[in-house]
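Please read the following walk through a protein chain with its sequence and structure at hand.

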Amino acid sequence: MAFCCPNPEFTSYPYFIMRLSFILSLLISLSFVSFSSEDRVTISGTIRDEQGNPVALAMVAIENSSQGAFTDSSGSYSFQSAVGKQVLVVSVVGYNTIRKEVVIRRSETLDFTLEENALSLEAVQVYSKSSAQQIREKVYAASSLNVQPIAATLNSLNALVDRASGIRIRQDGGEGSNFNLSINGLSGNAVRYFIDGVPISSMGSGVSLANLPVNLVERVEVFKGVVPAELGEDALGGAVNVITRRDRGNYVGASVGAGSFHTYKADMNAQYVHERTGFTLRPVVGVTYSKNDYTMRDVEVWNEAVRRYIPSDMKRFHDGYRSALARFEAGFSNRTWADEAFVGITFSSDDKQLQTGQKQSIVIGQAVRSNESLGLLARYSKRNFLLNGLAFQLFFSHTTNHTVITDTSYRAYAWDGSWSVTSFSEVTGRERSIRHYKRPQTLVRANFNYTIDTSSSLNLNYLLNAMGNRRYDDFDRQFIPTNDRLIKHVIGLSYNRSFWNNRFRSSIFVKDYIFQADLKQQDLYWLTGINDVEPSATRNHLGAGAGGRFFFVRWLSLKASYERSVRLPGVREFLGDGQTIYPNFKLNPETANNLNIGGFGEWRPSVSHVVQYEGGFFIRRVSNYILRVPVSDRQSQFANVAAATVRGIEGELSYEYASAIRVAVNATYLAERNQNRTKTDGSIDITYNNRMPNRPWFYANAEMGWNIRQPLGLRASNLRIDYVFRYIHWFYLTWEAYGNRTGKATIPTQYVSDAAISWSFVSNKYAMSLECTNIFNQKLYDNYMLQNPGRAFFGKLRIFIN
């Protein structure tokens, strides 16, 4: 049954209200558990050094208990504690430990100032967990990537995420090109993107990991397969959550960079906090420009002298890109009535010249795409909201997204820039058009997290995601304007509990997905399938999952997680992109059973030497798997594969010495196969048990970093050298059952080396860096043999003052 066809049992808002009422009733029932729990209060505060600077990752805990927390980047901490006489311990590497006896009767704010320890780090036997270690110890398969140590050299977040175990990012070209992120084999809209727990689309449809300002970000969290209910989206294969900086003080950060292929980038983010009132301003600006005029190697060009096509090296000539992003927030922070209360406005725009179609043999010379987004947002958060232990978050945004694709040229270009007249347009291969897509989006997220006692909590999350799709054309008078609408409600309820002094953590959750569609467009009905579905419908699906983590000893912990997940076809899959992807209204939602089993641990022979390791097995059994398939040389469309299974293993090993040297390697192997024995007409499907085409199935990364403190005796300075190696094994471009053994189309094995060097000084206030990607100028390919840039350099200057 296609997505649009209504389920007769669930076709109206009353059913939605009934579902919500049921979940709220369950929440209230489970909350009665708290009545028998011990009395709890909240201990919070800030840890600073003697100069008044916040101290991050300091441990604040009740002695001989599991009650405690680590400070964040602003030095803040907060945790639940039982009442009574307690000994509070504050410790972190490089500072004297504080032990203070306190009598706790009510929620209190306790601030501490740490004295620097004169002993060397070798003599300090205090262990402080990083954000990466904390997220790794959760019940789900997840990793945390810290941005700040390499912010000086990092060109985009995509470059960082692509190094992580189990993740592969594939791009159609250079700056501004489409990219596809895969987590354990599942990609596209199976992976959802968030910023501070809210869909990243709240900042505009043109904002992504590729152009989000690096200085804005503290870390990136990646969830593989099973996704926590509090994130709220219908993520089938995993999620990427960008965590932004939340420093408490005033600061200004800015960077400017330039590199190969006429690429220029600049960004600025700042914060002003009025200490007495808590009034806070946060501006963010980022701009990118690139001509993307890198060389296409061995492309076929007509040679008149020999009267045939010959392989030649030609520069891209119609691939320019520019983007701008601005966000401004104003509000109050750290008040008695709100931890944060902000309103803001966002603006983003991007313009992209289109150089190729789905394949690089289709050369485009005049078509362009432009996008502009404007949004309003409001957010509020409060710990101990109405009652002790209840944290509340509310987010609202409304964003207008306007995309225009200008495709008015009847020309066929070659890579040398020459062209010939045709009877069809460059992008769609049809009539000339200036097609407009207006897609307003409204997002609402409400989250309640209730800490029942020091070992258990309950979380309720609601997400509304409503999007319109108004289409009209300035050139094609035969085109009939339409206005479609998609609405999604996702409700998640989770219960988390730890046992045996936190040696065992567990989580169980349920999710309710409600989808609504109202479709109006009738053009290209033989391709889109609009005549085969109900244009207006409501559908409902339930999902659930659980996870657990058991800590045996420091060198071994085991964890497992499972989820039955559901994913609605994304806007690009369902409605197309107006460029190279046709709509498909017959798409069914994907459903999957996701299982992760893994282990991790670390070995510390001494304070300076740390070896960490992690490995796991995963399986994804997907029904109605959504796969992009070619329709013609110019166009493609997403379609359902009745059944597919993804099995795989991944592992990561790292060694670090005294925060000066770090070496890490990871590898991922996938068995992603079609499990459909017959076609829709009953005939045998010869691709049964074939690997999914155009998808890498074995890849690995290695990285080495050398951090030199005070090089050449220069005080308050730091020199960092990084090297990254990526290996991608060859894979089939189309189904491996097609063609003869020697004539099958493949994407060859690729070896990629990148290196960077950065120098920061004046206690990291200033930094300069130089990065070289694809050092050995390898010929790199990605989606459907689209050639990626060769060797490139990028230099960057960065300043951060607080």
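R379 has a relative accessible area of 15% in this predicted model, and because buried means under 20%, R379 is buried. E340 is buried too, with a relative accessible area of 15%. The side chains of these two residues, E340 and R379, meet in a salt bridge, with 2.7 Å from N to O. This pair links distant parts of the chain: E340 belongs to strand β22 (residues 340-353), R379 belongs to strand β23 (residues 368-382), and the two are 39 residues apart.

How many salt bridges does a search of the whole structure find? The search finds 32. One of them joins K488 and E233, whose closest N and O atoms are 2.8 Å apart. Here again distant parts of the chain are linked, since K488 is in strand β30 while E233 is in the loop between β14 and β15 (238-244), 255 residues apart. Both K488 and E233 are buried.

A further salt bridge is formed by the side chains of R604 and E602, at 2.9 Å from N to O. Are these residues buried or partly exposed? E602 has a relative accessibility of 3%, so E602 counts as buried. R604, at 28% relative accessibility, counts as partly exposed. Salt bridges can also share partners, and in this way D196, R246, R282, R327, E329, E340 and R379 are joined into one network. The pair of E340 and R379 described above is therefore part of a network, with a cut-off of 4 Å between the side-chain nitrogen and the carboxyl oxygen.

R411 lies over the face of W419, at 3.6 Å from the ring centre. In the case of R435, the charged end sits over the ring of F479, 3.9 Å from the centre of that ring.

Take W500 and F504. Their ring centres are 6.1 Å apart and their planes stand at 45 degrees, so the pair is tilted. W500 is exposed, with a relative accessible area of 59%, whereas F504, at 24% relative accessibility, counts as partly exposed.

W500 forms another aromatic pair with F550, and this one is edge-to-face, with 6.2 Å from centre to centre and 70 degrees between the planes. Where in the chain do W500 and F550 lie? W500 is in the loop between β30 (482-499) and β31 (504-518), and F550 is in strand β32 (residues 536-553), so the pair links distant parts of the chain, 50 residues apart. F550 is partly exposed, with a relative accessible area of 24%. F499, W500, F504, F550 and F552 form one aromatic cluster.

The last stop is E221, which is found in strand β14 (residues 217-224). With a relative accessibility of 10%, E221 counts as buried. What does the side chain of E221 make a polar contact with? The partner is the side chain of R219, at 3.2 Å. Leaving aside residues up to four places away in sequence, E221 touches I135, S143, S144, A239, V240, N241 and I243.

Key. Residues numbered from 1 in each chain as written. Predicted model: local features only at pLDDT ≥ 70, side-chain atom pairs only at ≥ 80, totals over all residues. Heavy atoms only, no water. Helix = DSSP H or I, 4+ residues; strand = E, 2+ residues; numbered from the N terminus. Buried < 20%, exposed > 50% of the residue type's maximum accessible area, 1.4 Å probe, protein only. Polar contact = N/O pair within 3.5 Å; in protein donor to acceptor, adjacent residues only side chain to side chain. Contact = heavy atoms within 4.5 Å. Phe/Tyr/Trp six-rings, centres within 6.5 Å; stacked < 30°, edge-to-face > 60°. Lys NZ or Arg CZ within 6 Å of the ring centre and 35° of its normal.
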